[in-house]
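Biologist: Could you walk me through this one, step by step? I am new to reading structures.
Modeller: Gladly! Have a look first, and then ask away.

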Amino acid sequence: MSKMQAYFARHEVDKKATGFSQGEDGFPSPGRVAWDAWGGDPGQRWVGTIDV
C-alpha cells in the first residue's frame, strides 16, 4: 500500500496537465492513463484510509 500512496502523492500534479480531463486536447494523456491504472480517484481515496 505504501507504493500506492507514494504514487498518488507524486502524481497528484498530473491532474492539472493538459489532456487529463475528457474533452481536452490530448485526452487521455499518459498521466491520465497511469492515474486510472492505479485506481484513479477512488483508488486514491481508498488508499488514503489505510495506515501503513
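**How the helices lie**

Modeller: Let me start with the overall picture: α1 and α2 are roughly antiparallel to each other. Please keep in mind that this is a predicted model.

Biologist: At what angle do helix α1 and helix α2 pack?
Modeller: Helix α1 covers residues 2-11 and helix α2 covers residues 30-37, and their axes are 11 Å apart. An angle over 145 degrees counts as roughly antiparallel, and these two helices pack at about 155°.

Biologist: Is the crossing of α1 and α2 left-handed or right-handed?
Modeller: Here we look at how α1 passes α2. The crossing is left-handed.

Biologist: Which residues of α2 meet α1?
Modeller: On the α1 side, the residues in the contact are Y7, F8 and H11. The residues of this contact divide into four nonpolar, two polar and no charged. On the α2 side, the partners are G31, A34 and W35.

Biologist: Is the peptide bond from F27 to P28 cis or trans?
Modeller: Most peptide bonds are trans. P28 lies in the loop between α1 and α2. The bond from F27 to P28 has omega near -5°, and that makes the answer cis.

Biologist: Now for the charged pairs. How many salt bridges does a search of the whole structure find?
Modeller: One of them joins the side chains of E12 and K15, at 4.0 Å from N to O. Another is between D36 and R32, with the closest N and O atoms 3.0 Å apart. For the whole structure, the search finds three.

Biologist: Which residue in helix α3 is linked to K15?
Modeller: K15 forms a salt bridge in which the closest N and O atoms are 2.9 Å apart. The pair links distant parts of the chain, 26 residues apart, with K15 in the loop between α1 and α2 and its partner in helix α3 (residues 40-47). That partner is D41.

Biologist: Is D41 buried, partly exposed or exposed?
Modeller: Buried means under 20% relative accessible area, and exposed means over 50%. D41 has a relative accessible area of 31%, so the answer is partly exposed.

Biologist: Where do D36 and R32 both lie?
Modeller: D36 is partly exposed, with a relative accessible area of 41%. D36 and R32 are four residues apart, about one turn of the helix, and both lie in helix α2.

Biologist: Which residues do salt bridges that share partners join into one network?
Modeller: K15 pairs with E12, and K15 also forms a salt bridge with D41. The shared partners give one network of E12, K15 and D41.

How values were computed:
Residues are numbered from 1 along each chain as its sequence is written. This is a predicted model: local features need pLDDT of at least 70, side-chain atom pairs count only at pLDDT 80 or more; totals for chains, interfaces and linings use all residues. Side-chain values use heavy atoms; hydrogens and water are left out. Axes are lines fitted to C-alpha atoms, for helices over the stretch in contact, and angles run from 0 to 180 degrees between N-to-C directions. Angles under 35 degrees count as roughly parallel, over 145 as roughly antiparallel, 65 to 115 as roughly perpendicular and the rest as oblique. A crossing is left-handed if the near helix is turned anticlockwise from the far one by less than a right angle, and right-handed if clockwise. Contact means heavy atoms within 4.5 Å. Ala, Val, Leu, Ile, Met, Phe, Trp, Tyr, Cys and Pro count as nonpolar, Asp, Glu, Lys and Arg as charged, and the others, Gly among them, as polar. Buried means under 20% relative accessible area, exposed over 50%, partly exposed in between (1.4 Å probe, protein chains only).
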